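Student: I would like to learn how to read the features of a protein model, one at a time. Could you take me through some of them slowly?

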Amino acid sequence: MKIFHTRKQFLAFFMPGFFLGIIYVNFIAKKYMAEPGIFSDYFLNQFAETEIDVRGYMLYLLRLRVLPLLALSVLSFTKARRAAAVLFLFWTGLSGGILISSATAGLGIRGSLLCVTALFPQFILYIPAYLILLWYCYEAPRNQWNRQKTIFIILAVSTGIILEAYVNPVLVKAFLSTL
């Protein structure tokens with residue numbers, strides 16, 4: 001199939017996971033979604049009133065964002081690189097489907113908007129950084145690694161973490177104040 005020789009194959013691996021996440025929330029975990037969770041009004045009000053310790057949050061973000069990047073980077077230099085890229089895309093799709101469906105089940109359209117707000121602005125930098133690494137994993141050895149890719153990924157992820165620590169909480173709290 002020609003789709004597997006273009007960059008569109010990433011969607012072919014991401015979208016089944018995304019749809020499976022939606023199916024999981026709507027059919028399998030339906031009874032768990034009825035319980036109060038992170039998308040309840042109580043939790044969101046608590047978040048809006050909480051003062052965030054930026055130093056602790058920064059350490060948490062470093063662990064959360066850098067460990068998967070390092071794992072994928074290490075796997076990119078092994079024979080398992082293509083399988084790692086496919087599994088990462090499927091897992092990301094599954095996680096995204098579960099998140100969006102849970103938010104929509106709990107808050108309706110406001111939940112979807114909350115998810116978009118929570119991903120902005122850091123994911124503008126994370127997505128291209130991961131796409132470069134995933135493309136290398138998928139296409140190596142035809143695609144060669146170079147210093148520019150390393151520098152871009154390090155700068156994009158570092159800037160994304162800083163934005164996520166300092167800017168994103170302000171945006172989410174501003175959005176929550178409108179609910």
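**Reading rings and burial**

Tutor: Let us begin with one side chain: Tyr-57 has a relative accessible area of 22%, so this residue counts as partly exposed. Please keep in mind throughout that this is a predicted model.

Student: Which residue pairs with Tyr-57, and how is the pair described?

Tutor: In general, a pair of aromatic rings is described by the distance of the centres and the angle of the planes. A search of the whole structure finds 11 aromatic pairs. In one of them, Tyr-57 and Tyr-60 have ring centres 6.3 Å apart and planes at 15°, and because planes under 30 degrees apart count as stacked, this pair is stacked.

Student: Where in the structure do Tyr-57 and Tyr-60 lie?

Tutor: An α-helix has 3.6 residues a turn, so residues three or four places apart point the same way. Here both Tyr-57 and Tyr-60 belong to helix α4, which covers residues 54-75, and they are 3 residues apart, about one turn of the helix. Tyr-60, with a relative accessibility of 38%, is partly exposed.

Student: How are the rings of Tyr-136 and Trp-145 arranged?

Tutor: Their centres are 5.1 Å apart and their planes stand at 70°, so this pair is edge-to-face. Tyr-136 is buried, with a relative accessible area of 8%, whereas Trp-145, at 25% relative accessibility, is partly exposed.

Student: Which residues form an aromatic cluster?

Tutor: Phe-10, Phe-13, Trp-135 and Tyr-138 form one such cluster. Tyr-138 also has a charged group over its ring, for the charged end of Arg-82 sits there, 4.1 Å from the ring centre.

Student: Turning to a helix, which residues of α6 are buried?

Tutor: Helix α6 spans residues 109-119, and in it Gly-111, Ser-112, Leu-114, Cys-115 and Thr-117 are buried.

Methods. Residues numbered from 1 in each chain as written. Predicted model: local features only at pLDDT ≥ 70, side-chain atom pairs only at ≥ 80, totals over all residues. Heavy atoms only, no water. Phe/Tyr/Trp six-rings, centres within 6.5 Å; stacked < 30°, edge-to-face > 60°. Helix = DSSP H or I, 4+ residues; strand = E, 2+ residues; numbered from the N terminus. Buried < 20%, exposed > 50% of the residue type's maximum accessible area, 1.4 Å probe, protein only. Lys NZ or Arg CZ within 6 Å of the ring centre and 35° of its normal.
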